[in-house]
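Student: Please show me the sequence and the structure. Then let us work through them by question and answer.

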Amino acid sequence: MPKQNSVSRHIVLTSHPSRSGPKPIAINWGAADPMQRGPVIATLTKSAHRNVIGTHSGGYAVYRALAVASGSLQSDHIADLTNTSPTERIGPYPSWSVADKIVSLDPYGAIASEVFASYYEQGYDIRPTIAITKAHINMPELQEAIAKGRLQVDGKIMKPGGDLVVTKAAIEPVWYLPGLAKRFNITEGELRRALFEQTGGMFPELVTRSDLEVFLPPIGGLTVYIVGDLEAIADPNKPLAVRVHDECNGSDVFGSDICTCRPYLVHGIEVCVQTAQEGGAGVIVYCRKEGRALGEVTKFLVYNARKRQEGGDRADAYFERTECVAGVQDMRFQELMPDVLHWLGITRIDRMVSMSNMKFDAITQSGIEIVERIAIPDDLIPQDARVEIEAKKAAGYFTTGDVLDANSLADVKGRGLE
Ligand SMILES: Nc1nc2c(ncn2[C@@H]2O[C@H](COP(=O)(O)OP(=O)(O)OP(=O)(O)O)[C@@H](O)[C@H]2O)c(=O)[nH]1
Ligand SMILES: [Zn+2]
């Protein structure tokens, strides 16, 4: 039996600060001492405590609304956080308190219940925005790498049977709006207005509450998979491999052959394991930015447009077809991506498993050194994904091989729809 609908009868407007009562705890973004910085409080149970715009869980907040509306969730439920603390300690690192280094996640998100313990005691409902746990992962390609002798079972990092021991962290986006605006070289007002308008007016506080500078946007977050010694990640004397990967459900999960996503992701994991076994660490960052953050519907529309255009799916028209449908080629905004690397305390990447110039530029411009770039090995590229890889190389992606001219690009063709 569903519980009784627990939506309160009075609608509490959050668009204007309450005139009476104490002000919410201030957030001084970038402050070195967490108590100075202040906790991120997005509770919906005590509206006077809220010091941010938006709510937890990204886009899943809408499912929570459904659960409350349908009576299956009490709207005043407070999380019982017993035994949920991180399995491993990450940070604090100096980058956590350098102004503007991290603007799209809360560096204290995993240790909120520890560093803000005194607020919990006073009855504040503070939720972690980062959760850290341990796991074993097993992928058929990694088993194959062991069988072929590219990877070794060491019993600690790689277990017999191909079980890879990882630490993983799930991270919810937390945006410090003034820092974000600065990153994109726009005014905070322009940013707030676009966010308000382009979400159909979903968060009026974006334009009415200039006192609230932090926004929990309704978007997907990211997951970090760490292989090897966690201490090695921030240690410049130890080797570090990194792959930053943007979600491609069709390839990553279902093995679709139109792109190189899963093979490159697995190659990244392989390099991470090798680097960890050399005494260093490997980091995979998996960002929920499906279809270059244009969404999967757009991506599939583009696939049809690519395969139905005159002359068939061709490398010379690869990016153009996305632009026709979406108006842009890409909306991932890699400028925000290095934040997670700074959260991990990374200052140098020895092996960067990516050919993307956008990722490279964003990372190096944020102050992290990249020593070596590792392209996808040729034999891992599916035949139908030749279109993508040649188009990318011609557009400036890193390669140690040849880059095709316009004529040759038009000759690289993919499969038709029939
Ligand atoms: N819109 C659109 N998205 C695509 C298309 N092909 C692949 N994608 C998406 O492109 C993104 C690829 O991300 P990554 O695997 O991180 O690769 P990358 O940024 O191109 O660079 P590398 O690090 O070199 O692999 C994913 O989000 C895919 O879903 C396409 O034709 N159109
Ligand atoms: Zn893909």
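**Rings, strand and zinc**

Tutor: Tryptophan 96 and tyrosine 108 are both buried (under 20% relative accessible area; exposed is over 50%, partly exposed in between; 1.4 Å probe, protein chains only). This is a predicted model, where local features need pLDDT of at least 70, side-chain atom pairs need pLDDT 80 or more, and totals for chains, interfaces and linings use all residues. Residues are numbered from 1 along each chain as written, chains are lettered from A and ligands numbered from 1 in written order, and side-chain values use heavy atoms, without hydrogens and water.

Student: How many aromatic pairs does a search of the whole structure find?

Tutor: Rings of Phe, Tyr and Trp (its six-membered ring) pair if their centres lie within 6.5 Å. Planes under 30 degrees apart count as stacked, over 60 as edge-to-face and the rest as tilted. The search of the whole structure finds 10.

Student: Why is the pair of tryptophan 96 and tyrosine 108 called edge-to-face?

Tutor: The ring centres of tryptophan 96 and tyrosine 108 are 5.3 Å apart. Their planes stand at 90°, so the pair is edge-to-face.

Student: Which residues are the protein donors of the zinc ion (ligand 2)?

Tutor: Donors are N, O and S atoms within 2.8 Å of the metal (3.2 Å for Na, K and Ca); water is not among the atoms, so sites may look incomplete. Here the donor residues are spaced C-x10-C-x1-C in sequence. The SG atoms lie 2.1 to 2.2 Å from the zinc ion, and they belong to Cys248, Cys259 and Cys261.

Student: Are cysteine 259 and cysteine 261 buried or exposed?

Tutor: Both are donors of the zinc ion (ligand 2). Cysteine 259 and cysteine 261 are buried.

Student: Which residue in β8 is the bridge partner of aspartate 246?

Tutor: Strands (E, at least two residues) and helices (H or I, at least four) are DSSP runs numbered from the N terminus. Two strands pair if DSSP finds at least two bridges between them. β7 (residues 240-246) pairs with β8 (residues 281-287) in the parallel sense over seven bridges. The partner of aspartate 246 is cysteine 287.

Student: Over which ring does the charged end of arginine 243 sit?

Tutor: Arginine 243 points from β7 the same way as Ala241 and His245, and is buried. A charge sits over a ring if NZ of Lys or CZ of Arg is within 6 Å of the ring centre and within 35 degrees of the ring normal. The charged end of arginine 243 is 4.2 Å from the centre of its ring, that of tyrosine 264.
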